[in-house]
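Trainee: Could you take me through one part of this model in detail? I'd like to look at a pair of packed helices, and then at what surrounds the ligand.

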Amino acid sequence: MKITELLASDMVTVSCELFPPKHGSALARVKSVVRDTAMLDPSFISVTYGAGGATADLTISLANEIQNVCGVTALAHLTCVSTEREAVRGVLAALRAHGVENILALRGDIPEGTLFPELGQYRFASELMADIRDFGGFCVGGACYPEGHPESESLQKDIESLKIKADCGCEFLTTQMFFDNNILYNFMFRLLRNGIQLPVVAGVMPVTDSRQIARICKLSGAVLPPRFKAIVDRFSTHPAAMKQAGVAYATEQIIDLVANGVNHIHIYTMNKPDIAGRIMRNLSEIFT
Ligand code: FAD
């Protein structure tokens, strides 16, 4: 099923995210994670794409597992920086052959020490989106950043780049993680004010291990609200309590989002179906 069809209904949707292993030898283990995640009955499962396409085959294999073995709609991520257009067409052909209909089209992070790509190479996700549209047959989503992309000079410039994405065939947006819902509400207001009416899937990251936090903030630029910082200060030395508090924080964040009309929730489950399961059980009546 195309994800836009799922997002068009008034129903609350909840999706999960997995990442492929670094080496094919660990594929069987991640496939068992796929099966455990699929048992939670999410609306769709996304699978990330390793920077530069080094693990493209593993992303394709997991998308196939999600879609054809587990019977859950798959969303395959695809990045384009440092990638030849021919290689992109190869991935699109493989996904099409497996019946995967949904792609989250991304630029990817520019590797450190590399110059900004030149004309002729992919420079922005919107260029990839245009190529996927020309290839045909896929529902295409893109990333957005409620707190602004770290490279953007302003949130307004960032929002203007989302307009370009929409013009190039982007049909829905998935947000970077955020820990303060007011930031998302403000961002959604700005989208509407700029005439961007794409469905937005809100990305929620359950932080259940305090060691994740520095990396998350560095990668996403997300601001940590005082309530969240207090949880980390109090429980970081007690892993089981941190896990419980992280699940509770994500649960409350989702309840507030749904209560305020944000119906589409993406949980960054990071190959932890137990955490996703705990959140989904907490929300069982809300997700029906
Ligand atoms: P773009 O949309 O190209 O934007 C990059 C920057 O360029 C932004 O600052 C934007 O404002 C600016 N820009 C965009 N278009 C233009 C234009 N036409 N003119 C001028 N400026 C422009 N990374 C991975 O490697 N694998 C993954 O699987 C993955 N999944 C992700 C999923 C989500 C939901 C999110 C939010 C991020 C994900 N990332 C992933 C990280 C992502 O690749 C990086 O954040 C990357 O730096 C930007 O990707 P993008 O698709 O947003 O790029």
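Mentor: Happy to! Keep in mind that this is a predicted model. Let's begin with helix α2, residues 27-38, and helix α3, residues 56-69, which pack with their axes 10 Å apart and at an angle of about 35°. Their crossing is right-handed. On the α2 side, the contact is made by Leu27, Val30, Lys31, Val34 and Arg35. Facing them from α3 are Leu58, Ser61, Leu62, Glu65 and Ile66. Sorted by class, this contact of α2 with α3 has six nonpolar residues, three charged ones and one polar one.

Now for the ligand. There are 23 residues around it, and those that come nearest are Tyr49, Asp109, Tyr145, Asp158 and Lys165. For Tyr49, a backbone N or O atom lies 2.8 Å from a nitrogen atom of the ligand. With Asp109 the side chain is involved: one of its N or O atoms is 2.6 Å from an oxygen atom of the ligand. Histidine 149 also places a polar side-chain atom 2.9 Å from a ligand oxygen atom. On its own, the ligand has 980 Å² of accessible area, and the protein covers 84% of that.

If you colour the model by element, look for β3 (73-79), β4 (102-106) and α6 (155-167), which are the elements that give two or more residues to the shell around the ligand. The largest share comes from α6, with four residues.

Technical notes. Residues numbered from 1 in each chain as written. Predicted model: local features only at pLDDT ≥ 70, side-chain atom pairs only at ≥ 80, totals over all residues. Heavy atoms only, no water. Near = heavy atom within 4 Å. Polar contact = N/O pair within 3.5 Å; in protein donor to acceptor, adjacent residues only side chain to side chain. Areas by Shrake-Rupley, 256 points an atom, 1.4 Å probe, with all protein chains shown as cover. Axes fitted to C-alpha atoms, helices over the stretch in contact; angles between N-to-C directions. Left-handed = near helix turned anticlockwise from the far one by under 90°. Contact = heavy atoms within 4.5 Å. Nonpolar A, V, L, I, M, F, W, Y, C, P; charged D, E, K, R; others polar.
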